[in-house]
Amino acid sequence: MGGFAGVYMESMLKRDEASIWLKNVQLGIFGMIFGLASAFFTDGGRIRENGLLQHFTWLTWGVVFMLASGGLLVAVVIRYAD
């Protein structure tokens, strides 16, 4: 599935003239919907009781920032490396 997702993303980025930021938002929203659905399905009670970001530390936020930056960097490389 990961390989298919990579090929599909590359074809979407190279086919359309939409900005890379718009494409990232589209992909992010798609992932967010399924991620939130999965989180509420498995831990819905805990999330409603303590919130979605329970037990987040500065280290957790650092990892989130690094992964988000990496995703943007990959999108830029795919778009302009050809």
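The model is predicted, so local features need pLDDT of at least 70 and side-chain atom pairs count only at pLDDT 80 or more, while totals for chains, interfaces and linings use all residues. Residues are numbered from 1 along each chain as its sequence is written, and side-chain values use heavy atoms, with hydrogens and water left out.

Me: Why is Y80 called exposed?
Reply: Relative accessible area is judged with a 1.4 Å probe on protein chains only, where buried means under 20%, exposed over 50%, and partly exposed in between. Y80 has a relative accessible area of 58%, and therefore counts as exposed. Y80 has its place in helix 3, a helix being a DSSP run of H or I with at least four residues, numbered from the N terminus. In helix 3, A75, I78 and R79 are buried.

Me: What makes A39 partly exposed?
Reply: A39, in helix 2, has a relative accessible area of 22%, which lies between the two limits, so the residue is partly exposed.

Me: How do you know what span is expected of helix 3?
Reply: The expected span is 1.5 Å times one less than the number of residues. Helix 3 (residues 58–80) has 23 residues, and its reach of 33 Å from first C-alpha to last is close to the 33 Å expected.

Me: Why is the pair F30 and F34 called edge-to-face?
Reply: Rings of Phe, Tyr and Trp (its six-membered ring) pair if their centres lie within 6.5 Å, and planes under 30 degrees apart count as stacked, over 60 as edge-to-face and the rest as tilted. By this rule there are two aromatic pairs. The ring centres of F30 and F34 are 5.0 Å apart and the planes stand at 65°, so this pair is edge-to-face. The two residues are four apart in helix 2, which means that about one helical turn separates them. F30 counts as exposed because its relative accessibility is 53%, and F34 counts as exposed at 53%.

Me: What makes F56 and W61 an edge-to-face pair?
Reply: Their ring centres are 5.2 Å apart and their planes are at 65°, so the pair is edge-to-face. F56, at 33% relative accessibility, counts as partly exposed, and W61, at 45%, also counts as partly exposed.
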